[in-house]
Amino acid sequence: MDQRKVVLVGTGMVGMSFAYASLNQNACDELVLIDLNKERAIGEAMDLNHGLAFSRTAMKIYAGEYSDCKDADIVVICAGVNQKEGESRLELLSRNAKVFESIIHPVLENGFCGIFLVATNPVDIMTRITYDMSGFEWNKVIGTGTTLDTARLRYLAGDYFQIDARNIHGYVIGEHGDSEFVPWSQALIATKPIYDVIKDNKDKFSLSELEEIATQVRTSAQQIIKAKGATYYGIGMAIVRIVNAIFQNENSVLTVSSKMNGEYGLNDVFIGNPCIINRNGVRSLLELSLQRDEFSKLRDSATVLNECYAQLDVKK
Ligand code: NAD
């Protein structure tokens, strides 16, 4: 991995937020932009290149073709179609699965053998579809999962407890969507369980306010969409965080969407859970010691994803 090469498919708001954050963080050496709308990809490459003189990198950025995937290390997929009026979630999902067919096949035909990183929604299902279509090993297919939701949680909990978000160790797990949840029994401030912090400070903090934070995390995407049409900066930075963990062989723990291989008694489903990320993709999953109610929430979330996936006709 001397020359860190990323191919980005989908140069919309999310894709370009990732590209812009990559340029600012020197996340790779070569960034190839691909979009159905080729003109857009060309324009985006020009725009980013005009910022190079102000950056601290000599990143090579250009609009390319699927043949550029041959020697890429990571293919990031942010391409997708938006919900049409009156269209069901499943219809949207079927259309996005077709979009993925038109992406994964040419990527593979050109000999790509790196890591797929998927952000397109519904991200857990789209990652599973990528795994099915690619035939790659499970650890080489990663979804952004609840990485962004976890960052939102740490920010909001940090604000609530007036503690630096980096000292809040808590995770959002499950589907990136309505059935996601915070296993509070696993959340710590430094090394002190948040439940103990609350017990010791009943005059200041409460469990019901914690649940309000979890609700805010779950609904913040809708709030942002209502206010400005779409969310993209946060997810763009989350993707860079995962790319850095891969290229720098960090063994960092991030709540990506990864295939369950017996953890929590679950198999096959791709779902957000703390995973150790390094240059091989997902090194392993961390199986948390969930309380009984948290365990059943995770299983319910997996059921939601499995049922949705089972209804899809395009998989391979
Ligand atoms: P967008 O409409 O701005 O961009 C989508 C891009 O995909 C467009 O440029 C379009 O031309 C391109 N595209 C469509 N079909 C294609 C194909 N077959 N091949 C190549 N390119 C194709 O949308 P966006 O706001 O950038 O969102 C992209 C995706 O990211 C959506 O699915 C959105 O829901 C998702 N998202 C995920 C998270 C997360 O946490 N995982 C957060 C925000 C958004």
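Asn273 is buried, with a relative accessible area of 0% (buried means under 20% relative accessible area, exposed over 50% and partly exposed in between, using a 1.4 Å probe and protein chains only). The model is a predicted one, in which local features need pLDDT of at least 70, side-chain atom pairs count only at pLDDT 80 or more, and totals for chains, interfaces and linings use all residues. Residues are numbered from 1 along each chain as its sequence is written, and side-chain values use heavy atoms, with hydrogens and water left out.

Asn273 sits in the loop between β12 (267-272) and β13 (275-278); helices (H or I, at least four residues) and strands (E, at least two) are DSSP runs, numbered from the N terminus. Setting aside residues up to four places away in sequence, Asn273 touches Thr146, Ile173, Leu254, Thr255, Val256, Met260, Tyr264, Leu285 and Leu286, where contact means heavy atoms within 4.5 Å. As for Val256, it is 17 residues from Asn273 along the chain, yet their C-alpha atoms are separated by 6.2 Å.

Now for Ser258, which belongs to strand β11 (residues 257-261). Ser258 counts as buried because its relative accessibility is 0%. Apart from neighbours within four places in sequence, Ser258 has contacts with Trp138, Val269, Phe270, Ile271, Cys275, Val282 and Leu285.

The chain is assigned domain 1 (5-143) and domain 2 (147-310), with bounds that come from an automatic or database domain assignment. Their C-alpha centres lie 23 Å apart, and 35 residues of domain 1 are in contact with 36 residues of domain 2. About 3,000 Å² is buried between the two, with carbon and sulfur atoms giving 69% of that; buried area here is the accessible area (1.4 Å probe) that two parts lose on being put together, summed over both. On the domain 1 side, Asp124, Arg128 and Trp138 lose the most area to domain 2, together 25% of what that side buries.

What links the domains in polar terms? Eight residue pairs, both at pLDDT 80 or more, are in polar contact across the interface (a pair of N or O atoms within 3.5 Å; within protein, one must be able to donate a hydrogen and the other to accept it, and residues adjacent in sequence count only if both atoms are side-chain atoms). The count of salt bridges between the domains is zero, a salt bridge being a side-chain nitrogen of Lys or Arg within 4 Å of a carboxyl oxygen of Asp or Glu.
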